[in-house]
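Colleague: I am new to this structure and would like to go through it with you, one question at a time. Could you show it first?

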Amino acid sequence: MTPTYPAPAQRPVNPCRRDPDLFFSDDPDDIEAAKNICGGCPSRLACLTYANDHELYHGVWGGLTGDERLHQISGGSKQCHGCQMVRPLGLFHRNARDGYSSQCKTCEKRRDAERNALRKPQLDAYKRAARQRKREAAA
Ligand code: SF4
Ligand SMILES: [Zn+2]
């Protein structure tokens, strides 16, 4: 007997997919129209969070323009010790010491990637030694 599978679930299609140019236009009427479309979008919050997390400040995302998103997340700014740029506080992680990390999220990501790259040879050596010990124990 041939097995039957359920039809793939219908994925919601975000309304902006139908006219992406509208969301990156500089025309105030287009911007207003894009914002209205976002108003009825089920992904609005996730979209806004994505744009803020990825520092996307061009176009309408989650119903707000780039300037509006920056304004919304800033509430102040500080200088990053990594890139030395003065950036909105929303682009820094919170910490227990003085409230915000010394480096912006982008610089922290880069620093973590560099640290991990440095640690990789040690980690590989450790894994090799562990495998060797396992093989010897099994022999
Ligand atoms: S909220 Fe985001 S995903 Fe939804 S229509 Fe607006 S831009 Fe598109
Ligand atoms: Zn930085």
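Colleague: Between which two strands does the loop with Gln84 lie?
Modeller: This is a predicted model, in which local features need pLDDT of at least 70 and side-chain atom pairs count only at pLDDT 80 or more, while totals for chains, interfaces and linings use all residues. Residues are numbered from 1 along each chain as its sequence is written, and chains are lettered from A and ligands numbered from 1 in the order in which they are written. Helices (H or I, at least four residues) and strands (E, at least two) are DSSP runs, numbered from the N terminus. On that numbering, the loop with Gln84 lies between β1 (77–79) and β2 (86–88).

Colleague: Is Gln84 buried or exposed?
Modeller: A residue is buried if 20 or more other C-beta atoms, placed from the backbone, lie within 10 Å of its own, exposed if 12 or fewer, and partly exposed in between. Gln84, whose phi is positive at near 70 degrees although the residue is other than glycine, has 9 other C-beta atoms within 10 Å, and it is therefore exposed.

Colleague: Which residues is Glu55 in contact with, leaving aside its neighbours within four places in sequence?
Modeller: Glu55 lies in the loop between α2 and α3 (66–74), and this residue, not a glycine, has a positive phi of about 55 degrees. It counts as partly exposed because it has 17 C-beta neighbours inside 10 Å. Although Glu55 and Leu91 are 36 residues apart in sequence, their C-alpha atoms are 8.0 Å apart in space. Taking contact to mean C-beta atoms, placed from the backbone, within 7 Å, and leaving aside neighbours within four places in sequence, the partners of Glu55 are Leu91 and Thr106.

Colleague: Which residues come nearest to ligand 1?
Modeller: The shell around ligand 1 (residues whose C-beta atom, placed from the backbone, lies within 6 Å of it) draws at least two residues from each of α1 (28–39) and α2 (44–53). Out of 14 residues around ligand 1, those that come nearest are Asn14, Cys16, Cys38, Cys41 and Cys47.

Colleague: What is the largest C-alpha distance among the residues that UniProt lists for "binding site"?
Modeller: The unreviewed UniProt entry lists Cys16, Cys38, Cys41 and Cys47 under that feature, with the caution that annotations may be inferred rather than shown by experiment. They are spread over 32 residues of sequence but cluster in space, with a largest C-alpha distance of 11.0 Å.

Colleague: Which residues make up the largest nonpolar core?
Modeller: Cys16, in the segment before α1, counts as buried because it has 20 C-beta neighbours inside 10 Å, and Cys38, in helix α1, counts as buried because it has 21. A nonpolar core is a set of buried Ala, Val, Leu, Ile, Met, Phe, Trp, Tyr and Cys residues joined through C-beta atoms within 7 Å. The largest such core has 8 residues, namely Cys16, Phe23, Ala34, Cys38, Ala51, Val60, Trp61 and Leu64.

Colleague: How many residues are in the second, separate core?
Modeller: This second core is separate, and it includes Cys80, Leu91, Phe92 and Cys107. Its number of residues is 5.

Terms used: Two residues are in contact if their C-beta atoms, placed from the backbone, lie within 7 Å.
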